[in-house]
Amino acid sequence: MSNTLSDRYNPQEVETRTYAWWESSGYFKAHDLSTKPPFSIILPPPNVTGFLHLGHALDHTIQDLLIRWKRMSGFNAMWLPGTDHAGIATQSVVEKELKKNEGVTRHQLGRNAFVEKVWDWKHQYGDRIYSQMKKLGDSCDWERSTFTLDEGVSQAVRKVFANLHKKGWIYRGQRLVNWSTPLESAISDLEVEHQQIKGTLFHIDYPLENGSGNLTVATTRPETLLGDTAVCVNPEDERYKHLIGQNVILPLLNKKIKIIADTYVDIQFGSGVVKITPAHDFNDYKIGKTHHLEFINILEKNGTLNENAGPYKGLKVQEARKRVIEDLKNLNLLVKEEPHMQSVGHCSRTGAVVEPFLSEQWFMKMDKLAIPARRVVESGTLRFEPESWTKVYLHWMNIIEDWCISRQLWWGHQIPAWHCQKCAHITVTESGVPQNCSQCGSTDLKQDEDVLDTWFSSALWPFSTMGWPKDTETQKTFYPTSYLVTGHDIIFFWVARMILMGLEFKGDIPFRTVYIHGLVRDSQGRKMSKSLGNSVDPVEMIDKYGADALRFSFLAHLNNGKDFKFSEQRLEGYRNFMNKVWNATRFSLSHLHDFKVPANGTQALPKKSDLSVYDKWILSALKDVEKKVEESLEAERFSDAAQAIYHFVWYQFCDWYIEFTKPLFQGPPSPEREATQLVLAQVLNRIVRLMHPFSPFISEEIYQKLPIRNEACIIDQYPTVAKDYELLECGSEEAAKEVEIVKEVITAIRNIRGENRISPAIQLPVKLIIQDDKSQKILSENKSTLISLARLSDVSIETEGHFAKCAVTPVQFKDLQVKVVIPLEGLVDFNEEIKRIQKTIEKLNKDIFGLNSRLTNEKFVKNADEDVVALDRELLEKSKVQLTQLQEALVRFQ
């Protein structure tokens, strides 16, 4: 293998080749039997219909960081991938394709033939997202890939259903559910998208039975009055106390309905009277239960009105609404109409308005399951990170209601319950089709047509993927898993249910830590959507900038569970970082062409007496970054770890250490040169290993070209202070202090050049005014470096000096103080320079005023992008410093 890097880093070529090599080499595989400590993560299964979106990319990047870090830290690291059958989503996709390509509906095909079509679609397209995950660098144990309709998972689903049904915790009942009329199915709250709609608030008179007047109610859904079974007032409302218990006449249907009292009604809102439709409103449903009202369903499954709607039977909801309004007007019962903004739930799959619908469904009792699920979080056995999500979880557990687990679909886990056609008894079994009814013995049985909510099989994911209900080595080794990484939007729908099921069926929590990250938004903090045109395809970003740049962009800016603002400009910056690392390595390798690779590799140590102050400084800095990264990863402060690596590599290794070593490498062979070569080789080795979990592709490619390396970066040790103790002890804090003051002096000289527009080609004389012997010693010993890196003709070190017509910059590092003085006579036209400075001061004052105004504006600070606010603050501080320096320079020039 060549030990040289190409002129330019080509992410596409490197990523494809490297991933294939990792996979074929078996580096992603974990072992059920191993002496290494286990570490496991179960991938939240993306929908089989899905494409990788930015949310996935963020989620997977965090998981892969953890897996790669633990794998390199000596753990038996297992990342188990899989996909979800996604009942509604997949059925909808295939139904649309059937209609488009074959002109048939699923009902025309029949259940079995349709399900076969869905399986065909799954086999053709179902693994699409896996190839996209590989582009990102996901190091999953692909041989363990699981699909939620695999037979092993299906066995687990049937066993859990049968067990809970036997306990009486799964039952059939009639309750109000979210109903999608195009799907003719119940849907979960997560599949309901609320949209702000310009609607109308209709004020309708309900005549009192005794003829003494009317009660006026307001509603946005006047057609639902056909299902009203009461009107309600607050028992403390003096206007209506005398009417409680009397009747009103229901408009259009001329039925008597009761006037009831409940503190639910807000006296101050509207007329203080509300209509109660228990079968078509979730709040009214609760009132109906409390007051034992009649529940009248006025809808068919397809969304048309039924016989309970009287003359409006057969109409669609919107048609019925128009007719009801017309008829109310004709009866002089419509008091007024007014515009009203309202939040209306829509089915995320069909776009149709979701109807609250009274339906016979299967439910799971949650109250008893929730007790241990609360306890494990309250006791700290299972923790949320950030900890603030603990309160959210416990709140949901305290108000948890029974879960509607049935869906009126064909694609999914068909409910393992058989209805006896003779006695109507329901027989539930976990093993195949029952031979006869468990109550009357009849063989005339029909399986329930509903399927289970997709979240039911997902709730078993941590153990069903490991072979449960069988007793497997996988479970013994990897359950409970170490982490669950997910977004906060599914804590209740998925995370909580996995905890419930894990405790019930495994007797243990499913994971020890739940790491919650925010959602990915655009740079302005808006939700990404097609309608806004701000959606970003992560695969396109990978093709444009490389997977490592995208991963580093995520990891460097994770912010304690807060939403992540995506910026392509930031992504471009991290691509530049990858290029910086590449180019610095190319340069370094060119100076290691004659390096004698030590037999003991990473354990090889330089002779301390041969080390330069710069070698000792970089080893001290390496110690600091290894400590910072280790502490940050252990504390799940992933952005702190990423920023520490970035700062060390760019600002210390690339910008300074390489520059410091150039004169030595340009000189003749010497023990000092060999020592620096060894330090350079060892530091490069640590850099790519530190980077690997964050940016695996470029780190592996560079690693394979290094003179000091093992088989592969992916399975090498992760650097820590403990493992590198002997090497890092060659560093020196005193050397670090010495180099830092040298850096500050060089930076000051470069700034003076820039501020005074002095050509880099001109070698400058510099005076360094010092106040102590220590500074004199350091600067004297590093004079040649100052001359070389600052392009100086001479350096004089003095204890006092004259500053007229000079540029002066004070430099301080800890207890060391130096004044950098550069005479400007002959280099600068003072009259022109005074005019330029005055003009710049004037502009700076305006800029500072504008920045101050903006940053003291609470509205701007609250609504602007965090990066924009941070940049403004940074610019303000820099502008103030620059203003002070220019004012001092003006005095000297004058």
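**View 1. Strands E28 and E29 pair up side by side.** In this predicted model, E28 and strand E29 (residues 816-823) are joined by eight bridges and run in the antiparallel sense. Strands here are DSSP runs (E, at least two residues), helices are DSSP runs too (H or I, at least four residues), and both are numbered from the N terminus. Two strands count as paired if DSSP finds at least two bridges between them. Look for Ala807: its bridge partner in E29 is Ile822. As a bit of background, strands of a sheet pair through backbone hydrogen bonds, either parallel or antiparallel.

**View 2. Step back and you get an open sheet of four strands.** The strand order is E27-E26-E29-E28, and the pairing is mixed. Strand E27 (792-798) and strand E28 (806-813) sit at the edges with a single partner strand each, so one side of each has no neighbour in the sheet. From one strand to the next, the twist averages 20 degrees. Helix H24 (residues 733-755) lies across strand E26 (764-770), E27, E28 and E29, and runs at about 155 degrees to E28. For such angles, axes are lines fitted to C-alpha atoms (for helices over the stretch in contact), and the angle between N-to-C directions can go from 0 to 180 degrees.

**View 3. Here is the largest cavity.** There is about 130 Å³ of space in it. A cavity is a set of points on a 1 Å grid over the protein atoms alone, where a 1.4 Å probe fits but cannot get out, and lining residues have an atom within 4 Å of a point. Grid points are joined across faces, edges and corners, and the volume is the space filled by probe spheres set on the points. Of the 15 lining residues, Glu755, Asn756, Gln885, Ala889 and Arg892 come closest to the centre of the largest cavity. H24, E28, helix H27 (830-855) and helix H29 (866-893) each supply at least two residues of this lining, and H29 gives the most, with five.

**View 4. Now for the second largest cavity.** This one has a volume of about 50 Å³. Among the residues that line it are His85, Glu191, Arg407, Trp411 and Asp453. Helix H3 (87-101) and strand E21 (451-452) each supply at least two residues of its lining.

**View 5. Strands E10 and E11 form a hairpin.** Strand E10 (residues 247-250) and strand E11 (residues 255-261) run antiparallel, with four bridges joining them. Ile249 stands opposite Lys256 in E11. Four residues lie between the strands of this hairpin, and Leu252 takes a positive phi near 75 degrees.

View 6. Lys135 belongs to helix H6 (residues 128-136). With 31% relative accessibility, it counts as partly exposed; under 20% relative accessible area would be buried and over 50% exposed (1.4 Å probe, protein chains only). Leaving aside neighbours within four places in sequence, Lys135 is in contact with Glu15, Val539, Ile542, Asp543, Ala547 and Phe697, where contact means heavy atoms within 4.5 Å. Glu15 is 120 residues away along the chain, yet the C-alpha atoms of Glu15 and Lys135 are separated by 7.3 Å.

**About the model.** Residues are numbered from 1 along each chain as its sequence is written, and side-chain values use heavy atoms, with hydrogens and water left out. As this is a predicted model, local features need pLDDT of at least 70 and side-chain atom pairs count only at pLDDT 80 or more, while totals for chains, interfaces and linings use all residues.

Technical notes:
On a 1 Å grid over the protein atoms alone, a cavity is a set of points where a 1.4 Å probe fits but cannot get out, and a pocket is an open set with protein on both sides within 12 Å along at least five of seven lines; lining residues have an atom within 4 Å of a point.
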